[in-house]
Amino acid sequence: MKMAVTEGQRLCSISAVLAVLLGLLTISNGGTCDEQVPLILWTSEGISIPSQSPPAAGHIVGQQQLASYLEKALNVGPRNVVLFLQDKMSIEDFTIYGGAFGNKQDSVFPNLEGALMSSSSPLVLPAVSWPASNVVIGQLQDQLETSPLYMDPETLSQLRLNASSPALLVFRLPYGIGADLMSAKEILSGNDGVIGQVLSIMKTQSVPYTAIYTALQPSREAASLSLESDLGGGRSLLQTRGGYREKGRQREKQRRIEEEKTGIDSPVEFKEDENICILFWAKRLVVSILRNGQWNDHDLTPSTFGKGIKPELHGSSCDKTKSKLALNYANVLGHSSFKLIFAMSQRHYQVSARRWFTLDAVELEYDGTKAIFNGSRNIYAPAEYSYRCESVTSFRWPLLVPRSSKDPANQWKVSFEDIQIQGFNVIGREFSYASDCAGFFSPGIWMGLMTSLLMVLVLAYGLHMIMQLHTMDRFDDPKGPAISVPQTE
């Protein structure tokens with residue numbers, strides 16, 4: 001005899017089971033929980049895949065085990081993967097905001113709970129090691145053999161997916177550290193709304209999919225602060241938060257030591273809400289101004305990169321569609337204040353069905369005057385990639401051109417050597433895959449092609465001349481009369 005279960009009871013049970021399971025695993029492994037993030041995997045409604053056994057309580061899923069879980073799910077499940085990648089998340093987020101203690105109306109995950117309820121075989125991994133979660137995009141990219149597409153709901157509505165062609169759609173979700181409990185709750189509620197909107201669009205396209213919800217970093221510190229303010233805190237929470245910060249300092253110190261060993265300077269980083277959103281690096285930055293018929297050069301590299309060098313980034317900004325990196329200097333070529341500004345934007349192009357970012361302009365702002373070089377025609381890359389070029393100049397094979405003939409940029413020259421920049425979809429402290437400015441036909445390739453073409457033409461001409469040769473139609477017979485060849489013939 002089958003028992004009837006109401007919709008509300010099923011939702012409540014999903015929420016309670018999910019939150020309590022994560023909470024129990026938090027208690028059983030509290031010593032290292034600040035190094036872990038949860039990962040939830042499910043498939044679209046009506047798609048069944050073999051169930052996978054979740055790890056035992058207290059077990060931390062490493063990189064190899066996570067790859068095994070993903071491989072088993074994608075081998076038999078849909079290969080259109082929707083990845084919701086939150087900046088920060090910990091298991092405490094579900095226990096605090098998931099309505100696990102009778103306050104079901106306060107849950108901020110109604111869309112996530114509904115998706116798990118409709119899925120036949122959801123997989124919940126409460127404790128995935130932080131390094132493993134950082135490479136989940138790379139693991140999915142290797143298994144699907146396709147590049148990730150960083151999307152938003154508006155872009156997804158314009159994209160047409162194919163069930164037979166794999167796709168990796170990445171949706172970045174924020175996580176802010178607010179001053180009180182409600183701020184984090186509102187952000188998570190907004191993220192759940194984005195999840196619901198994306199899943200609705202996928203449902204209208206009738207394309208089966210595999211969805212994954214995880215994060216890049218744990219939000220243990222934020223959760224500890226909120227829980228401490230609400231429940232009075234305690235010695236253990238303070239110790240955990242202190243250990244988290246100490247480990248962060250150790251990682252930063254180790255990274256700097258490795259960079260010093262390699263002899264490569266760190267890139268310039270601009271952060272928005274404690275998250276890196278712009279990365280910039282160059283081997284050499286030189287600006288020149290024309291004065292009295294001569295070019296005066298100034299090297300900005302020592303003031304931008306190097307050990308202990310942190311350039312002033314006042315005026316920089318970034319969001320989903322526009323980014324601006326402003327490098328502030330003093331006493332450059334006689335100007336007391338000088339700014340080197342990189343203005344970037346990204347938009348969706350229907351022909352390629354993907355987003356591209358362009359370096360719209362390089363601006364030189366000095367003592368109230370602004371010189372603008374346009375770069376949008378030549379400097380561009382997919383939105384999820386970084387842009388790299390061996391040489392970006394305004395005078396020799398220029399990729400940057402003055403905005404107009406009357407612009408002050410005509411009195412300036414800029415030269416960037418071995419430049420790499422990324423203004424969108426930055427993950428961690430490293431550049432994404434680089435889109436290089438070098439075209440398919442380099443000068444060396446053109447020289448080789450022209451030389452080969454010339455040799456082919458010479459060979460063809462020689463063969464043509466040989467084919468025009470004809471043998472004699474008369475021969476002299478020594479035993480017969482001599483051949484008489486009339487002079488008029």
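An open sheet of 6 strands is present in this predicted model, in the order E3-E1-E6-E2-E5-E4 and with mixed pairing; helices (H or I, at least four residues) and strands (E, at least two) are DSSP runs, numbered from the N terminus, and two strands pair if DSSP finds at least two bridges between them. Residues are numbered from 1 along each chain as its sequence is written. In the model, which is predicted, local features need pLDDT of at least 70 and side-chain atom pairs count only at pLDDT 80 or more, while totals for chains, interfaces and linings use all residues; side-chain values rest on heavy atoms, with hydrogens and water left out.

The edges of the sheet are formed by strand E3 (123-129) and strand E4 (148-150), each of which pairs on one side only. Neighbouring strands are turned by 25° against each other on average, direction ignored. E4 pairs with strand E5 (residues 167-173) in the parallel sense over 3 bridges, and Pro148 stands opposite Leu168 in E5.

Helix H4 (residues 110-118) lies across strand E1 (36-43) and strand E6 (210-217), at about 50° to E1. Helix H6 (residues 136-144) lies across E1, strand E2 (80-88), E4, E5 and E6, and runs at about 170° to E2. Axes are lines fitted to C-alpha atoms, for helices over the stretch in contact, and angles run from 0 to 180 degrees between N-to-C directions; contact means heavy atoms within 4.5 Å.

The charged end of Lys413 sits over the ring of Phe395, 4.5 Å from its centre. Lys413 also lies over the face of Trp295, at 4.5 Å from the ring centre. The criterion is NZ of Lys or CZ of Arg within 6 Å of the ring centre and within 35 degrees of the ring normal.
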